[in-house]
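This briefing sets out the architecture of the assembly shown below. The points are grouped by topic.

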Amino acid sequence: MQLLDIRNLTLELETPDGLVRAVDRVSLTLKEGEIRGLVGESGSGKSLIAKAIMGVLHQRWKISADRFNWCGQDLLRLPYQQQRQIISRDIAMIYQEPSRSMDPTATVGEQLAESIPDHLLEGSWWQRGYYRKKRALALLHKVGIRDHTVLSSYPYQLSEGLCQKIMIAMAIAKSPKLLIADEPTTALESTTQAQLFRLLASFNQLKGTSILLISHELETVARNTDTLSVLYCGQLVEAGDTATLLKHPLHPYTHALIQSVPEFQPELGFKQQLYALHGSIPTLQHLPIGCRLGPRCPNARKECVKTPVIERQQNHFYSCHFPMTGKSSHE
Amino acid sequence: MSSLIEVRQLCKTYQKALGLFRHKQVLALQNLSFQLDAGQTLAIVGETGSGKSTLAKILVGIEQADSGEVLLAGKKHDCANYQSNNHLIRYIFQDAARSLNPNQKIADILHDVLRYSTVLSFEQREQKISQTLKLLGLLNEHGNYYPHMFSGGQLQRVALARALILDPKVLILDEALTALDPSLRAQIVNLLLDLQQKTGLAYLLITNQLRLVRHIADQTLVLHQGQSLDYGPTQQVFEQPQHDYSRKLIKSIQF
Amino acid sequence: MKKIRLYYEEHNKGPMKLLWQHFAPQHFAFFGLIALLVLVSLALITPVLTPHDPYLQNSQLLLLAPSWQESGLVSYPLGTDDLGRDLMSRLMLGTSYTFGLAILAVLGSLLIGLILGCLSGMSKGVKSSIFNHLLDLALTIPSLLLAIVIVAVLGPGLINTIWAIMLALLPQFVHGIRNAIMQQLKLDYVTAYRLDGANNRQLLFSVILPNIWEQLVLMGTMALSTAVLDIAALGFLGIGAQSPTPEWGSMIADSLDAIYLAPWTVALPGLLIFTTVLAINLVGDGLRVAMKKRREN
């Protein structure tokens with residue numbers, strides 16, 4: 001069943017220099033039980049899209065989309081209260097710096113207990129407190145924390161990895177259908193990163209929670225996701241199954257991303273130069289017209305001043321006038 | 001042949017105050033030893049609290065080691081004398097934007113560096129500055145810009161220019177590549193490799209990104225709570241880690 | 001030959017121009033700045049501009065009404081006081097006493113505070129604390145009372161009140177400067193400078209002071225409003241400016257007995273004091289907002 005169906009989402013902002021289109025007609029779909037990766041560097045608008053799904057974008061952003069369906073219901077047409085109700089019931093999000101995303105003045109136990117919704121507690125109202133604490137403890141066990149002293153500590157006393165696990169516990173307290181993870185592992189050590197991804201994968205398998213994993217590192221996303229969407233400067237560049245995408249990237253940007261990771265190229269010699277696109281990511285005020293990769297793309301030609309439409313090749317979506325066909329980069 | 005930098009039995013402990021009168025000894029570094037040759041890259045891997053930043057600070061002169069010595073081409077070297085040490089070892093900060101004075105133009109920053117540590121005349125300084133900027137792919141006109149006018153990647157180059165203008169032999173990169181986007185990181189890595197080949201610079205890469213380490217580091221040292229667990233050629237450390245901790249670390253990036 | 005601009009960069013303005021870019025659109029702050037500039041120029045060039053001699057007493061025209069009332073004369077635009085002196089000339093000259101001397105007091109205090117603050121900020125431990133708290137004794141007494149005490153010792157007069165106000169403002173400056181310097185010392189670029197081989201003195205002058213001058217200006221504007229009010233208050237009490245000095249506060253005190261006959265002699269100096277303090281506060285506020293906006297960008 002299609003959980004999330006977004007078509008041609010556009011996010012615009014009014015700035016002193018004019019109307020800026022931070023996200024330009026991005027489409028995203030998510031099925032039940034799917035782990036989707038959203039890869040993009042800084043300025044690609046991936047965090048904005050996550051915030052738009054959660055409905056927490058600042059009011060000065062103008063959201064427009066052809067379709068913005070959650071389980072068949074169009075969220076943009078619903079009144080605000082209903083929107084919030086649906087989103088708070090079904091979608092949860094975890095953030096990049098966990099210790100900064102938690103209330104520093106409350107203990108972890110209090111915050112965890114607070115995040116458990118009322119309707120999931122059994123018992124009459126005077127027993128609620130006791131059941132709440134019991135559930136909080138159960139949640140901690142689910143994320144793999146055996147040490148009960150964590151409940152009475154404050155966020156600053158705990159390590160980042162522990163904080164991130166607690167954030168996941170708070171997120172799954174209401175059994176959401178979708179978990180959006182916005183760069184959850186950038187602040188963590190590599191051992192904790194592996195633990196975290198195992199945890200997310202276990203939730204996906206056992207409870208069927210869909211996960212939208214947002215990251216700027218291709219390596220982390222490539223190994224832990226089923227499908228992948230690649231963004232550049234607010235435009236959707238390529239989307240499809242992770243394995244196919246890595247083996248046969250059709251867009252030059254995806255190709256460059258894959259090539260810039262030494263791990264995906266076993267033939268690359270030690271200390272050899274990595275493939276890198278020249279130039280740098282354009283700022284919001286100076287976005288190129290048409291395909292935004294134009295100035296940096298090695299294949300760029302005259303037609304690239306027109307934004308390419310999304311084309312489809314067997315579940316593999318790409319938007320490029322001159323895709324790279326027949327190029328195999330990863331075995 | 002004697003290596004460029006050799007560190008022998010470096011020890012450092014910190015006093016952490018626990019309450020009003022008690023102190024706790026924190027062992028930042030315990031008997032750390034390693035060698036670094038010219039044109040080679042040594043990667044120091046370890047989690048926060050393992051002593052990586054302490055090591056960087058000692059090598060650059062901000063902190064003093066309690067015991068142990070730093071040898072330069074076989075002779076004992078005093079890292080605390082900034083003006084002589086910075087001709088040998090230079091430091092790149094993690095956040096390039098924060099490491100540049102926001103109220104000064106780039107050319108003025110570079111002039112100041114040369115003025116404090118060398119005795120060149122004004123024309124010689126100008127020449128050196130334009131040479132260094134060219135080496136890093138920047139233009140002379142960039143010297144008239146303030147730091148907030150640059151993009152992220154260009155700022156890293158400016159920070160590199162400031163480090164390399166004194167022609168050092170060793171560059172310490174303290175998590176300098178961690179916060180960059182992948183395409184930018186690839187560009188900077190290419191630049192660093194290029195410089196290493198052209199000028200024989202040695203790099204001391206302090207990082208947690210093991211994939212990058214595998215690609216560009218000749219030797220790897222795994223640091224855990226101040227102790228060096230595994231030290232040797234990168235391939236050897238990755239294929240035959242001796243300690244449990246290193247094994248766990250390396251397994252976390254395997255397929 | 002004009003410099004050729006090869007690259008179109010978005011932020012091609014230096015930090016000062018950026019600050020002005022954020023300051024100018026704030027209308028109140030901008031008008032405050034204009035008012036301040038007018039006052040400063042008045043304070044500097046008044047002796048040449050006054051229509052009449054501020055000290056000349058004219059016994060024919062005592063308590064003349066302002067020119068917009070029926071009994072007033074245009075040649076005396078704001079009327080005269082109880083000794084026949086032209087009010088407008090006295091008010092204009094008063095700018096250099098109330099406002100000008102306040103600026104001098106703040107500048108002097110800033111200078112001494114800078115010396116002590118730098119000594120305190122660049123050293124560590126006990127030495128730093130000694131410099132920091134050296135003048136904290138001046139915090140025990142409110143500034144007005146301190147001025148009275150000093151005047152009691154040294155005798156009344158404008159110069160003595162300036163010393164008193166400077167002493168009262170000093171501890172705030174020392175603390176503020178020391179905190180600003182300590183904050184700067186923790187930053188990355190200061191460490192980078194040290195690694196480049198700068199010694200303490202070069203560090204202070206090249207890096208730290210240029211980066212904290214904006215905070216200094218902010219502290220200065222706050223202190224300036226206090227100084228203006230203190231000078232006026234002391235003048236009103238009679239222990240500051242002595243007559244016939246046309247200081248605004250003492251003008252109010254002198255004309256207080258005739259308030260029912262000639263209210264403008266009390267209202268106009270008061271209005272000017274109010275305008276001055278308002279302008280200073282508007283500029284200070286605008287500066288703070290501009291600095292915050294610039295940092296956010």
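**Sheet and packing in chain B**

Strand 1 (residues 5-18) of chain B is joined to strand 2 of chain B by eleven bridges, and the two run antiparallel. Helices (H or I, at least four residues) and strands (E, at least two) are DSSP runs, numbered from the N terminus; two strands pair if DSSP finds at least two bridges between them. This is a predicted model, in which local features need pLDDT of at least 70 and side-chain atom pairs count only at pLDDT 80 or more, while totals for chains, interfaces and linings use all residues. Residues are numbered from 1 along each chain as its sequence is written, and chains are lettered from A and ligands numbered from 1 in the order in which they are written.

- B:Leu18 stands opposite B:Arg22 in strand 2 of chain B.
- Helix 1 (residues 52-60) of chain B packs on the sheet through contacts with strand 1, strand 2 and strand 4 (67-72) of chain B, and its direction makes about 70° with that of strand 2 of chain B. Two residues are in contact if their C-beta atoms, placed from the backbone, lie within 7 Å; axes are lines fitted to C-alpha atoms, for helices over the stretch in contact, and angles run from 0 to 180 degrees between N-to-C directions.
- The open sheet has four strands in the order 2-1-4-5 (chain B), with antiparallel pairing.
- Strand 2 (22-36) and strand 5 (75-76) of chain B each have a single partner strand and stand at the edges, so one side of each lacks a neighbour in the sheet.

- Strand 6 of chain B runs parallel to strand 7 of chain B, and four bridges join them.
- B:Arg90 stands opposite B:Leu171 in strand 7 of chain B.
- Strand 6 of chain B is covered on both faces, with B:Ile89 and B:Tyr91 buried on one side and B:Arg90 and B:Ile92 buried on the other. A residue is buried if 20 or more other C-beta atoms lie within 10 Å of its own, exposed if 12 or fewer, and partly exposed in between, with C-beta atoms placed from the backbone.
- Helix 5 of chain B is mostly covered, as eleven of its 13 residues are buried; among them are B:Gln154, B:Arg157 and B:Arg162.
- The buried residues of helix 5 of chain B pack against strand 6 (89-92), helix 3 (106-117), helix 4 (122-135), strand 7 (170-174) and helix 6 (182-199) of chain B.
- The 13 residues of helix 5 (residues 152-164) of chain B should span 18 Å at 1.5 Å a residue, and its end C-alpha atoms are 18 Å apart, which agrees. The expected span of a helix is 1.5 Å times one less than its number of residues.

**Nonpolar core**

- The largest nonpolar core has 225 residues, of which A:Ala169, B:Ile92, B:Ile172, C:Ile165 and C:Ala227 touch the most other members. Such a core is a set of buried Ala, Val, Leu, Ile, Met, Phe, Trp, Tyr and Cys residues joined through C-beta atoms within 7 Å.
- Not counting residues up to four places away in sequence, the residues touched by B:Ile172 include B:Ala56, B:Ile89, B:Tyr91 and B:Ile92.

- Eight strands form an open sheet in the order 7-8-9-3-10-11-13-12 (chain A), and the pairing is mixed.
- Strand 7 (91-94) and strand 12 (311-312) of chain A are the edge strands, each pairing on one side only.
- Strand 3 (residues 35-39) and strand 9 (residues 210-215) of chain A pair in the parallel sense over five bridges, and A:Leu38 stands opposite A:Ile214 in strand 9 of chain A.
- Helix 10 of chain A packs on the sheet, touching strand 10 (227-232) and strand 11 (235-241) of chain A, and its direction makes about 105° with that of strand 10 of chain A.
- The contact between the chains takes 25 residues from chain A and 22 residues from chain B.
- Helix 7 (190-207), helix 8 (218-224) and helix 10 (252-259) of chain A each supply at least two residues of the side of chain A that touches chain B, and helix 7 of chain A gives the largest share, four residues.

**Chain C**

- Chain C has ten helices and zero strands, and its C-alpha trace spans about 75 × 55 × 30 Å along its principal axes.
- Of the 297 residues of chain C, 39% count as buried.
- C:Leu87 is found in helix 3 (residues 87-122) of chain C and is buried, with 26 other C-beta atoms within 10 Å.
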